[in-house]
Amino acid sequence: FETPPFTNASCDAATDWCSVEHWITLACLYLGAVFYSLLISSISSIIQTASLASRQFEEKLIQLDDYMRSKRLPSSLREKVKDYFHLQHADGKLFNEREILDMVTPILRREIQYFNGRGVADKIPMLSSVAHKFFAEELATVIQSTIAFTDEVLMKERTIGDEMYFINSGVVDIYLDDNKQRIYCTIGDGCFFGEVSVLLGIRRTASVKTRTQCILYKVAKENLLNILKDFPETAVDLRRIADIRRRRLAHHLHSDESCVEPLLPGEEVDSEDRKTDLFGLDADQAVHSKKEAFENNRRQARIKKRPTSYGVQTQQRSPGGLSPPPNNLRRKSRANLIMEKLNIV
């Protein structure tokens, strides 16, 4: 076996050292290719794992679009469904929350549910008070967040109430379900409704329809009553508020009849609604500000805008909250709306 040269020389002749160098070079090339492939596969795996929820979101959106096309749903309904899907998953990620919560212990599940529902305590004046702090913590574990679009009817008068709602953001109209559909009052952020039927055990006394896009918290009647068993003082306060609202509405409808229970001093104005930020504002101003906020959220979520326009007209304020809306609210021409929708994939 000859000694290797001190300087690099070309292996023109098939010497022993040139053969060794040849095999070493092939081994290095092979190992380099193996490590390079392992590096690429590791990086690809990390990227795929990091964007798994995003890919599931995109796949579900494609599946949803295929379903709506196959069913030949109208473009307005398709756009509404896509809006809900984007707003419900604003970060562009899709998770099976129920499956995730089933994998953790009951204590961890409760802490996660409380963290997800903590917004109801921050937004509702009654629940943010010290006296109802522990009730708010229990309530946060059972409430559900939901999104309602403009002109959606959330409650119908004379129906059985199974849910109570808290308004996180948005404006709703409480109206009487008669031929004229008279607006009783308009409420917004921080207010709650539906407690009269749930707590007093009677049918709905009024109907509720959204005036803007709303983000709501809802709690089932069974869950609410079970929690109130552990908080009798809060139950008394909520039932008192519900009874005052029932009597105020009855007084509004039949103020000339002697059989109507009279209102006590201070009960003419809702004590809880007046604590909210939107109380006393003109309804049109509140609706306009809410629409601007929601349009900003739509742009951030890359959702195309649905052109709608409402007339502005000042009305006298109602005692229950914001002023009632004008009666001549109209949307823009549907020709522009259809042209906008034709561009939706």
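## The lining of the largest pocket

In this predicted model, the residues lining the largest pocket divide into 16 nonpolar, 13 polar and five charged (Ala, Val, Leu, Ile, Met, Phe, Trp, Tyr, Cys and Pro count as nonpolar, Asp, Glu, Lys and Arg as charged, and the others, Gly among them, as polar). A pocket here is an open set of points on a 1 Å grid over the protein atoms alone, where a 1.4 Å probe fits, with protein on both sides within 12 Å along at least five of seven lines; lining residues have an atom within 4 Å of a point.

The lining comprises 34 residues, and Gln88, Glu97, Asn116, Gln144 and Ser145 lie nearest the pocket centre. H4 contributes the most, with four residues; among the other elements supplying at least two are H3 (75–88) and H12 (283–300). Helices (H or I, at least four residues) and strands (E, at least two) are DSSP runs, numbered from the N terminus.

## The sheet

Four strands form an open antiparallel sheet in the order E1-E8-E3-E6; strands pair if DSSP finds at least two bridges between them. E1 (144–148) and E6 (192–193) are at the edges with a single partner strand each, so one side of each has no neighbour in the sheet.

Which residue of E8 is the bridge partner of Glu163? That partner is Ala220, and six bridges join E3 to E8.

## Notes on the model

Residues are numbered from 1 along each chain as its sequence is written. Local features need pLDDT of at least 70, side-chain atom pairs count only at pLDDT 80 or more, and totals for chains, interfaces and linings use all residues, while side-chain values use heavy atoms, leaving out hydrogens and water.
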